[in-house]
Every structure is written in structure tokens, then in C-alpha cells.
Amino acid sequence: MANKAKTAFFCQNCGFESSKWMGKCPTCDQWNTFTEEVIERPAEAAVWKEEKKEKRVHGPVLIDEITAGNTHRIVTADLELNRTLGGGIVPGSLVLIGGEPGIGKSTLLLQLALELKGHKILYVSGEESEQQIKMRAERLNGKNGELFVSTEISIGKLFTQIKQLKPELVVIDSIQTLMSDFVDATAGSIAQIKECAGQLQRYAKESNVPVFIIGHINKEGYIAGPKILEHMVDTVLQFEGDRNYTHRILRTIKNRFGSTSEIGIYKMEGDGLRQVNNPSELLITEKDEPLSGVAVAATMEGLRPMLIEVQALVSPAVYGNPQRTATGFDLRRLNMLLAVLEKRGGFAYGNKDVFLNMAGGLRVEDPAIDLSIACALLSSLTDMALPMNACFAAEIGLSGELRGVARIEQRISEAEKLGFEKIFISKHNMKSLKQQKYQIELKPASKLEEIYKQLFV
Ligand code: TYD
Ligand code: MG
């Protein structure tokens, strides 16, 4: 090609530059760390350039004189997406949506494009044909007179289309299918991804048009190589879920315009993703009678209170070594809780298989879930069901003490809203609480032992 860019190879570990690819870096001794990068573009390069803007010399400015401006977010009809983005789409932002193939990324963004009215939108797909996209749109029952579809995979040609169309929102599905002529590598390679993302970043910033990029995650959980893409974008949202379950979680991993502890919850149905604005209903199974091994935790996911069911199964180990399996919960923490139960309560889990599940394949990191797990473990071991009207929120320390947890009022209110009648909490949380304020009965305790006596003896 005539206008090839000049490229070089860089070690992603130490930054060593080389004119050719090397398997092992001579300076830091790491293997397979070299990737190609553009170091000089041909002068006539067709990268994005904003034409109308006058050049101005940009020196230091007084912070008081800077107008925040331009932060008028586009609020979409999707409350879950708005929440994870920190309150809507920020103009000129570059948002990466990562997730495993088949999890629902295309569905999520096509749905967004179909529902967002009043903005000219360009949906670029290198993964599906126009007909396939149309079929998907029909399945989603969506119509949008201002939605354009392109299957262009050359980023240079794409920018030509963009210059003509002047869209107000661009969706790229996916970054792995986009190609720049400047780089002599195949689509999906690190060099291509980096170059294309760099050009999209420049386009977004200069034109103030928000750009959503879909990126497939490989088996190691990285979005296309060693996280390079994550550094180049403003916001990273991860779309996750277990394909055996219908619900999906959109998790904020990085956000220059909001908190990173937010999550959005959806349900994948026959006609697309449905927002789940009240997740607790989804995470607690309907039961007619109490079951042993089941406990409900009042947790927080980000700033959102959520009641979630914890299920434990404790059974005699038949095949020698007892198994310990935790889904959605840290295995080391489970082992720690088992050790506390053994040591402080004298319960023998040593010769038992222990399985632990969070309802719906959710991943929970909130320490307040400890007490519900301990109670589910005790309930399964003793084969005594916990009362169905009770839930739990406390962290457990190494000596079996119950520690207070953050945002206790919100947890209690959520439990009350869902019809629970008792909530077991740490005594330390009680200081800031007044029983009169609630209809739900607050059950404070300072040790796990006290809870055991109330529920199992
Ligand atoms: P898709 O959005 O294509 O995933 P990704 O872009 O992340 O690879 O969706 C994947 C799955 O979702 C697919 O197996 C079919 C299913 N699906 C539904 O269940 N309902 C729907 O309305 C749509 C469009 C897809
Ligand atoms: Mg897709």
C-alpha cells in the first residue's frame, strides 16, 4: 500500500523499541510482549480531523474561568445503562462494553440505538450483515427513523461515511473487526485494536460525539490483549452473566464520569433485554416452605441495596478429600468462615463436602454477606431451615464477632420493602439506628454464637 505508516514493535512490559518482532524482550526478559504500533503516519493520512475548528494556542487557564459545559448528558430510556454510565451518556466520551461472545452486547447496544429517539445514530457492525441486523431489530420490536447501519470495516472509509452523515452517536460492533490501512496486521490483533481505538478516541474528543465500542473478552478475561483498550477509553462497562441464567449484569469497571461501583441488571428474554429495576425480586426464589441451607443476605452492590439468596449444601465427603466449592463468592473467605465455625463453635466441617451458591450466578464481594453464609452453612449442617421472614447483614471476624457494615439503613429499608420481618445485624450498627423507625424487627448481636442460639437451639 502506498501510504503505509511507519511502525515499530514495543515491549508491552518495559517499553523497549525494536524494528522487528521478537519473542523475548532483551531488556526485561519477558516473553511474547512485543506488539506493533504506528510511530509515524503518512502526511495525507485519512485520520479524523475536525475541519471547522480554528487553531488556538492553548496555554494555562484559570480554573475559575473554565466552564464545565459540554457535560449535558444524553439520558437514555435504559435506567440501568444510565446508572452504570454515571447518569447518562457524556458527549464526546468513549465507552467500551466488554463481555464474552454471546452474552448480549450487540443486543444491548442495538436496543439502545433503537430506543434513543431524537439523535442521529450510526451503528457500525463488522460482525453481522445488514439483513441480520434488521432481523435482530425486528426481533427487538424496535423502530427508529434516525438509525443508520453500516457494515464498513475499514476505519478510514468509516470516517468518510461519518463526515457525510454527521451522526450524534456511534456504535462500533466490534473493535475486533475494525481495520486501519496504516497497520500491517490482521483485524483483531493488538496493533489494529490500538490504532483503531486511538483514532476513535480522537474522533470522539474532537467532534464531541459519544462512541460506544464493543470488545470481546478472551478466555483470560482481558478485553483484547493486555488491557490496552481499557486505558484508552473513558468508561469500561463489563457485560457479564452465566449463559445458563437469563439475567445479565452490566458492571462499571472504569468511569471518568462517575462511580465505578455501579451495576445494571437485565433479563434476556425472547424479545431482547429487559431492565430489572428491582433486582431483589429476581434474586430470591419463591418458596412455599422453608428449606435448609438457604439464607437471605441484605447486600449492597455499589450504591444499590439488594437482597440475595445464599444456598449452602453440606454433605458427608464420600470420596476422601472433602470438596469446597463456591460460586459467586471468594473460596478463601468461605474457608475462613468454615474455620471460624469449627474453631469457635465446634462444628465439624472437616469431613464434609461444602458447596456454596449465590442465587442467579451473581458475584458478591460485600463483606456483609458473611453472616448469611454462616447461617446457611449451619442450617445445612443441622438440617434445620431458617425462618423465611428473616434476613442477615453483618461481617464476621476471625473470633466469630459480628462487625458492623456500611449503609445499614438502606439495607434495612430494602428488607422491609420486600416484606421481611426480622433482620440480624451487628450490635455495632445498632448505635446509629432506632427500632421505632422501622416495622421490621432489628435483631442485633455481637457474636455468631448468639445468633446460633436464637435460630438453631
Ligand atoms: P448477542 O447480542 O448477539 O451477543 P454478543 O453480541 O455479546 O455476542 O446475543 C447473544 C444471545 O442472546 C444469543 O444467543 C441469542 C440471545 N438473544 C435472546 O435471547 N433474545 C433476543 O431478543 C436476542 C436479540 C438475542
Ligand atoms: Mg455481537
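Why does T252 count as buried? T252 has 3% relative accessibility, so T252 counts as buried (buried means under 20% relative accessible area, exposed over 50%, partly exposed in between, with a 1.4 Å probe and protein chains only). T252 sits in strand β10 (residues 247-255), and a polar atom of its side chain lies 3.0 Å from the backbone oxygen of T84.

A quick word on ground rules. This is a predicted model, where local features need pLDDT of at least 70, side-chain atom pairs count only at pLDDT 80 or more, and totals for chains, interfaces and linings use all residues. Residues are numbered from 1 along each chain as its sequence is written, chains are lettered from A and ligands numbered from 1 in the order in which they are written, and side-chain values use heavy atoms, with hydrogens and water left out.

**The chain as a whole**

The protein chain has 457 residues, and 49% of them count as buried. Its C-alpha trace spans about 80 × 55 × 55 Å along the principal axes. You'll find 12 helices and 21 strands in it; helices (H or I, at least four residues) and strands (E, at least two) are DSSP runs, numbered from the N terminus.

**Around ligand 1**

The shell around ligand 1 holds 16 residues, of which G102, S106, T107, E269 and G272 come nearest (near means that a heavy atom of the residue lies within 4 Å). By class, that shell has 4 nonpolar, 6 polar and 6 charged residues. Here Ala, Val, Leu, Ile, Met, Phe, Trp, Tyr, Cys and Pro count as nonpolar, Asp, Glu, Lys and Arg as charged, and the others, Gly among them, as polar.

| Backbone N or O atom of | Atom of ligand 1 | Distance |
|---|---|---|
| G102 | oxygen | 2.7 Å |
| E269 | nitrogen | 2.7 Å |
| G270 | oxygen | 3.1 Å |

Taken alone, ligand 1 exposes 560 Å², and the protein buries 76% of that (Shrake-Rupley areas with a 1.4 Å probe). The elements giving two or more residues to the shell are α2 (105-115), α3 (130-139) and β11 (263-269). Of these, α2 gives the most, with 3 residues.

**Sheets and a hairpin**

Strands β2, β1 and β3 form an open sheet of 3 strands in the order β2-β1-β3, with antiparallel pairing (two strands pair if DSSP finds at least two bridges between them). β2 (17-18) and β3 (34-40) are the edge strands, each pairing on one side only. Strand β1 (residues 6-11) pairs with β2 over 2 bridges, and F9 has S18 in β2 as its bridge partner.

Further along, strand β13 (residues 294-301) runs antiparallel to strand β14 (residues 304-316), joined by 8 bridges. M300 stands opposite P305 in β14. The two strands form a hairpin with 2 residues between them, and G302 in the turn has a positive phi of about 65°. β14 also pairs in the antiparallel sense with strand β16 (residues 352-358), over 7 bridges, and A312 stands opposite L356 in β16.

**Helix α10**

In helix α10 (residues 408-417), the residues I408, R411, I412, E414 and A415 are buried. Seen down the axis of α10, its buried residues fall within an arc of 160°, so they line one face of the helix (the arc is that of the directions from the helix axis to the C-beta atoms). Just after α10, G419 takes a positive phi of about 90°.

Terms used: Polar contact = N/O pair within 3.5 Å; in protein donor to acceptor, adjacent residues only side chain to side chain.
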